[in-house]
Amino acid sequence: MDDSSSVPRPLRSVCVYCGSSESTKPEYHDLATRFGEALAARGLRLVYGGGSIGLMGRAAKAAHAAGGDVLGVMPRFLERREIVLDSVPHRMVDTMHERKMIMFEESDAFVVLPGGIGTLEEAVETLSWRRLDLHRKPVVFLSEDDFWAPFFTLMQHTIEAKLTPDSFHDAVAYARSIEECFAELGVPVTA
């Protein structure tokens, strides 16, 4: 998985980690929809967990409806729980490890929308790989209501405790709008 070259990859595919909950705030579902549309408008492929429900389903459906490319990666054991979005290409795998590896390999950057423990686990593993210099792909946490602020407080706590180097601030960004997220990814503003 070594992707530690100093030459940045061109941004073509963005992996989105987000929740699969249907019962969360409507604002989070709206953010996922708008983000999917924004990816398509910029010609960027959405790589995601393959489901048709929650934020992940809304992002994928919106990107697809807007003419964007989408790749879903779904473990077979979650097929009934997260319900595969058949209208987009997807790969079926056996384990969560395979899912995460394919999502990593198929993506040039990562955006973390609101989500629960599964979203957090995927994001933290991606950050851990970054900390180990296994990749240099951008990682941006996106929320419009400071959903991720407690996570960044915890990260700062680990830095102050000298358990994470201060330089790790450069490995992750926090965006409070879709435009700010794309700016962090180095994507030009669209007209």
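User: Quick one to start: is Ala59 buried or exposed?

Analyst: Ala59 counts as buried because its relative accessibility is 1%, where buried means under 20% relative accessible area, exposed over 50% and partly exposed in between, with a 1.4 Å probe and protein chains only. This is a predicted model, in which local features need pLDDT of at least 70 and side-chain atom pairs count only at pLDDT 80 or more, while totals for chains, interfaces and linings use all residues. Residues are numbered from 1 along each chain as its sequence is written, and side-chain values use heavy atoms, with hydrogens and water left out.

User: Where does Ala59 lie, and what is Ala59 in contact with?

Analyst: Ala59 lies in helix 2; helices (H or I, at least four residues) and strands (E, at least two) are DSSP runs numbered from the N terminus. Leaving aside neighbours within four places in sequence, Ala59 is in contact with Ala32, Gly36 and Leu46, contact meaning heavy atoms within 4.5 Å. The C-alpha atoms of Ala59 and Cys18 are separated by 9.2 Å, although these residues are 41 apart along the chain.

User: How many residues has the largest nonpolar core?

Analyst: The largest nonpolar core has 32 residues, and those with the most contacts inside it are Phe35, Leu46, Leu113, Leu142 and Phe182. Such a core is a set of buried Ala, Val, Leu, Ile, Met, Phe, Trp, Tyr and Cys residues joined through side-chain atoms within 4.5 Å. Among the elements that give two or more residues to this core are strand 1 (13-17), helix 2 (54-65), strand 6 (139-142) and helix 7, and the largest share, 6 residues, comes from helix 1. Apart from this core lies another of 24 residues, among them Phe104, Phe110, Ala123 and Phe141.

User: And at what angle do the axes of helix 1 and helix 7 cross?

Analyst: The axes of helix 1 (residues 26-41) and helix 7 (residues 178-185) come within 11 Å and cross at roughly 45 degrees. Axes here are lines fitted to C-alpha atoms, for helices over the stretch in contact, and angles run from 0 to 180 degrees between N-to-C directions. The two helices are therefore oblique to each other, since angles under 35 degrees count as roughly parallel, over 145 as roughly antiparallel, 65 to 115 as roughly perpendicular and the rest as oblique. The contact is made by Leu31, Arg34, Phe35, Ala38 and Leu39 of helix 1 and Ile178, Cys181 and Phe182 of helix 7.

User: What does Phe35 contact, beyond its neighbours within four places in sequence?

Analyst: With those neighbours set aside, Phe35 is in contact with Val16, Val111, Leu142, Ile178, Cys181 and Phe182.

User: Changing topic: which loop holds Asp146, and what is its phi?

Analyst: Asp146 is in the loop between strand 6 and helix 6 (149-160), and its phi is near 65 degrees, a positive value in a residue other than glycine. At 37% relative accessibility, Asp146 counts as partly exposed. Lys162, in the loop between helix 6 and strand 7, is not a glycine either and has a positive phi of about 60 degrees; at 73% relative accessibility, Lys162 counts as exposed. Most residues other than glycine have a negative phi.

User: Last one: which residues does Thr126 touch?

Analyst: Not counting residues up to four places away in sequence, Thr126 touches Tyr17, Phe110, His135 and Val139. Thr126 lies in helix 5 (residues 117-131) and is buried, with a relative accessible area of 1%.
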